[in-house]
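This report walks through a two-part question: how is the structure below built up, and where do its parts meet? Please keep the model in view while reading.

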Amino acid sequence: MKFIECENVKYSYPAEGEINKSEEWLKFAVDGVDFDALRGEFIAVLGHNGSGKSTFARLLNRIFKPSEGNIFVEGLDASDDKNIWDIRKKVGMVFQNPDNQIVATVVEEDVAFGVENIGIESDEIVERVEKALKAVDMLEDAKKAPHLLSGGQKQRVAVAGILAMKPDCIIFDEATAMLDPIGRKKIIDIILSLNKKENVTVILITHFMEEALLADRVFVMEKGKVALKGTPKEVFMNAGEIKRLGLEMPVGADIGNRIRKLGFNVRGDIIYDDELVDYILKTGLKNIEYIKLDNKRNFKDKIIEVKNVSYVYGEKSVFEKTALKNVSFDIYKGEIAALIGHTGSGKSTLVQTLNGLIKPSEGLILYDGKNIWGNDFDIKNIRKQVGIVFQYPENQFFEETIFKDALFGPLNMGFSEKDAKEKVIEAFAMVGIDEALFEKSPFELSGGQKRRAAIAGVIAMSPNVLILDEPTAGLDPLGKNEILKNIRDMRDRLNMTVVMVSHSMEEVCGIADSIIVMSDGEILICGDCDEVFSKNAFLEKAGIYPPNVNVIFKKLIDKGVSVPLNIYNVDEAVEFFKERLCSS
Amino acid sequence: MFFLKVTIGQYYPVDSVIHRIDPRMKILLLILFVVGLFFVENLFGYIVSALVLGFTIKFSKVPFIFILRGLKGFLFIVSFTVIINMFFVDSGYVIFEYSFFKLTLDGVWFSFQMICRLGFLTAASSVLTFTTSPIQLTHAIERILKPFVRIGVPAHDIAMMMTIAIRFIPTLTEEVEKIKKAQMARGADFEGKGIKKRAKAFIPILVPLFVSAFRRADELAMAMEARCYRGDIGRTSMRKLRFKVIDYLSLCVGIAFLCSILYLNYSERT
């Protein structure tokens, strides 16, 4: 018998009052899905934001009741209300936001919460809690308060809370989306070990293609329907279809596809990195020296100088913590600078010192050569020059329409009503927000649109320097790429200097002129992509992983092939292979 | 990431005899102490109370200065009542007189009593909150209220609401800080003059905060349901509160205190 079986499942959200009775609302969020999972299987569910995958997941553990069709969980009918608790016991769920699923104020009490709900005796609860915390490597923090943990640690506590209930199946609903690379890797390792060693059925909803490759089967959803399904191979062989669905190809598959198009005899089913490496080894490479196209731009004028800046939180209290230690670097006019580091490395604190939101405990910040905390400098003026877009900026909307909200900044900065409106219209055009959306409420927009509208609110203040704190966090691949394109446009069309905070080398390498790597409040390395990567050992320690393309080249080197290591994206890789692959 | 560490309540996390007493017992002992305090009629009674309180604080390993700081808030109320009592009680031996001000021995005695009672009461309750974590207090309140479930007191719901409130105080505090900074970066001014202007300045903070709080509530409710939460139906608890030797011992101390106060009152009268 199959563990989960779904037949033509449909679900529509109950309409509340008049407002929501728009056509959009009455449509089925899940619209005729056939799905099945065997016990112990690892299934990945992909799809862009709003494709219905989260709604579908909530049907599987009976948070929602199917409007039409059948769902059976180990033979239990999900349409029958008396099975609710048995199904939820069998199918656990870890949600996206780690903060919003922790109930108790002590880690172990939270892990016990679910087990207490299903009526286990207290001695066994203690045992189960300990075992679950051990499985996620959080036993040491059992007595801590959750709000003192990092996002990744919180998410591991959430996983432990489900594990302790001993479910047969766990659904991870974009559970890695809000974590940094270290946090993500730990969760993925836990998932794999549960699946392989404990035979737990895993349903992983994700935007990361590398994660989908680990699965036994992949389902891709679109508009509430299953658009593609099969093994990762069967799914990712449809490159055109994958792109149409707003997803990305795994890097190995992408490179393989593109060199095949150039006329090389590459198998069409190359999906995994190792397969591409094997192919290249078999085919062989010609020994032609690689000289990287030097398209470095030269920047002359410094716009922001950071000199020996230190910052201590909660000075002279029990919770004193040094967030920045003697940090110095320059930002040049017209460049895109990236600030990279793991959660808690001090990068968010650092950017807040750049526009005077935080006053450094020691050191100087110069804007255009002038000390921003000097007597002759109006600190409010710096906020006009240096705009900052916070993490998840869409959480700061407060007006009824996105247009009104975007007016807030420019009006505060002293623009006249007419000028402010012009600025906002310009900014919206810049980030690709259509005029039809101007009068919409923020709640009516998609995740990517909301993010771009919020960024436009800061661009409309026409700052000279724009700082973006993790601008792509939590977006699907389509949303991510749009933001990255916007960033390039801001520099090229609006002549802005951009400082971008990120924890992914993947996205930084393709776009940044200079990279500043931070770890534990200090600058580890500073320079362009090549300079930073020449110190690879440092990066791993700082919890920063190289881009996927780079990983493939490293694998080739490990196999004894001499290839350069300064290739970071698919375009460069294809260019490299084009001239050197022996035609077979 | 913010390193903003918010202390909830004023729990002082060390291991001491007082910390180890069952929270239910501590609440009971506090009640005993307060009752005793209001029976005190003479100076000896206050000395005994002070001794009991002093030793409790000593055994709790909470620095004395912390307790004193806790009293600061009541200073105004206490000094206000003291002044009123001092000058408006006009019975007894007159110590000092100037126009209509009259300071009498009874007035001083009344004021002294007032200081002792309010001060001891505040100090004793802060010993409770210093030595008992909010979560333990919540557990204790749930247990204490349990007998009243039959007459419709939602003991479990009250405890769950308290737990969630305590859990989300630091999260929401961080959130306020973040939203405030984000709006400041957009030129918001929170130091404007005039009440109306200032109130208006807070809309850009309050609206996102409420939106976020509702979203969090929604998601939390769903996560709780996914973990089979259905109120206290069939729910067990990891930590069983059980009275131990130390609890019975402390109860004996409490009863001894009450008896000695009553005895002192009795011996004074005879």
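## Overall build of chain A

Buried residues make up 49% of the 584 residues in chain A, where a residue is called buried if 20 or more other C-beta atoms lie within 10 Å of its own, exposed if 12 or fewer, and partly exposed in between, with C-beta atoms placed from the backbone. This is a predicted model, in which local features need pLDDT of at least 70, side-chain atom pairs count only at pLDDT 80 or more, and totals for chains, interfaces and linings use all residues. Residues are numbered from 1 along each chain as its sequence is written, while chains are lettered from A and ligands numbered from 1 in the order in which they are written.

The C-alpha trace of chain A spans about 75 × 65 × 50 Å along its principal axes. Its radius of gyration is 25 Å, which agrees with the value near 25 Å that a compact globule of 584 residues would have; the radius is taken over C-alpha atoms, and the globule rule is 2.2 Å times the number of residues to the power 0.38. Chain A holds 23 helices and 20 strands, counted as DSSP runs (H or I of at least four residues for helices, E of at least two for strands) and numbered from the N terminus. Of the contacts in chain A between residues at least 6 apart in sequence, 68% join residues at least 24 apart, a contact being a pair of residues whose C-beta atoms, placed from the backbone, lie within 7 Å.

## Domains and the meeting of the chains

The domain bounds come from an automatic or database domain assignment, and they are listed here for both chains.

| Chain | Domains and residue ranges |
|---|---|
| Chain A | domain 1 (4-247), domain 2 (252-293 + 551-580), domain 3 (302-527) |
| Chain B | domain 1 (17-132 + 241-269), domain 2 (167-226) |

In chain A, the C-alpha centres of domain 1 and domain 2 are separated by 36 Å, and six residues of domain 1 are in contact with six residues of domain 2. Helix H9 (residues 232-236) of chain A gives the most to the domain 1 side of this meeting, with three residues, and the residues on that side divide into five nonpolar, no polar and one charged. In this count Ala, Val, Leu, Ile, Met, Phe, Trp, Tyr, Cys and Pro are nonpolar, Asp, Glu, Lys and Arg are charged, and the others, Gly among them, are polar. In chain B, the C-alpha centres of domain 1 and domain 2 lie 41 Å apart.

Between the chains, 44 residues of chain B are in contact with 61 residues of chain A. The elements of chain B that give two or more residues to its side are helix H7 (134-145), helix H8 (155-185) and helix H10 (203-226), and the residues of that side comprise 24 nonpolar, eight polar and 12 charged.

## Cores

A nonpolar core is a set of buried Ala, Val, Leu, Ile, Met, Phe, Trp, Tyr and Cys residues joined through C-beta atoms within 7 Å. The largest has 189 residues, and Ala160(A), Ile203(A), Leu339(A), Ala406(A), Ala456(A) and Ile467(A) have the most contacts inside it. Apart from it lies another core, of 22 residues, which includes Tyr12(B), Val127(B), Ile261(B) and Leu264(B).

Strand E19 (residues 514-519) of chain A is mostly covered, with six of its six residues buried. Ser514(A), Ile516(A) and Met518(A) lie on one side of E19(A), and Ile515(A), Val517(A) and Ser519(A) on the other. Strands are said to pair if DSSP finds at least two bridges between them. E19(A) and E20(A) form a hairpin with two residues between them, and Asp520(A) in the turn has a positive phi of about 50 degrees.

## Helix H22

In helix H22 (residues 548-558) of chain A, the buried residues are Asn548(A), Val549(A), Asn550(A), Ile552(A) and Phe553(A). They pack against five helices of chain A, namely H8 (209-212), H11 (251-261), H12 (273-283), H19 (505-509) and H23 (570-580).

Terms used: Contact = placed C-beta atoms within 7 Å.
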